[in-house]
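Take a minute to turn the model around on your screen before you read on. Then let's walk through it together, one piece at a time.

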Amino acid sequence: MKKNSSFMESFFCAFKGIIYIFKTERNFRFHIMFSVLVLFCSLIFNLSYVELSVILIMIAVVLTLEIINTIIENIMDFLCKDYNLNIKIIKDMASGAVLVSAFISIIVGLLIFIPKILVIVGG
């Protein structure tokens, strides 16, 4: 496989990779859907630049780990066509990384949004 000849070609290939993951991975689409919802809520609640930055960082972490998880799963499936307990453990650990980041993102989101919701509800 030849190396990309230009920055734009590299960018285009990376973008095609993201489109492929979006089309083929249900969990990636799920994370995108919730990311859009959270960004919409960020506009409604008029988050500070720091709060919005933290939200964007958490979104990037979850989406990036989901992409890495997909890469690991695809490599493992390519390397071993038959069931292998070690491959299963590797794939489970990769998906566990996504789960940890998603739970932490939920906690961060709650820490940012709950005080703003309480202000609205409380008066």
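Predicted model: local features only at pLDDT ≥ 70, side-chain atom pairs only at ≥ 80, totals over all residues.

Residues are numbered from 1 along each chain as its sequence is written, and side-chain values use heavy atoms, with hydrogens and water left out.

When we say helix, we mean a DSSP run of H or I with at least four residues, numbered from the N terminus (strands are E runs of at least two). Two packed helices are described by the angle between their axes and the distance between the axes. Each axis is a line fitted to C-alpha atoms, for helices over the stretch in contact, and the angle runs from 0 to 180 degrees between N-to-C directions.

Start with helix H1 (residues 7-24) and H2 (26-44). Their axes come within 5 Å and cross at roughly 100°. That makes H1 roughly perpendicular to H2; the cut-offs are 65 to 115 degrees for roughly perpendicular, under 35 for roughly parallel, over 145 for roughly antiparallel, and oblique for the rest. Which residues of H1 and H2 meet? From H1 come Ile-18, Ile-21, Phe-22, Lys-23 and Thr-24, and from H2 come Arg-26, Phe-28, Arg-29 and Ile-32. Contact here means heavy atoms within 4.5 Å.

Now look at H3 (49-79) and H4 (85-122). H3 and H4 pack at an angle of about 165°, with their axes 9 Å apart, and are therefore roughly antiparallel to each other. Sorted by class, their contact has 18 nonpolar, five polar and six charged residues. For that sorting, Ala, Val, Leu, Ile, Met, Phe, Trp, Tyr, Cys and Pro count as nonpolar, Asp, Glu, Lys and Arg as charged, and the others, Gly among them, as polar.

In soluble globular proteins, nonpolar side chains tend to be buried together. The largest nonpolar core here has 10 residues, including Ile-21, Phe-28, Leu-47, Ile-59, Leu-63 and Phe-113. A nonpolar core is a set of buried Ala, Val, Leu, Ile, Met, Phe, Trp, Tyr and Cys residues joined through side-chain atoms within 4.5 Å. H3 and H4 each supply at least two residues of this core, and H3 gives the most, with four.

Let's zoom in on Leu-63 in H3. Buried or exposed, where does Leu-63 fall? Leu-63 is buried, with a relative accessible area of 15% (buried means under 20%, exposed over 50%, partly exposed in between, using a 1.4 Å probe and protein chains only). Leaving out residues up to four places away in sequence, Leu-63 touches Phe-28, His-31, Ile-32 and Ser-35. Ser-35 sits in H2 and counts as buried too, at 10% relative accessibility.

Thr-70 is buried, at 3% relative accessible area, and touches Ile-21 and Glu-25, not counting residues up to four places away in sequence.

Finish at the loop between H2 and H3, where you'll find Asn-46. Asn-46 is exposed, with a relative accessible area of 63%, and has a positive phi of about 50° although it is not a glycine.
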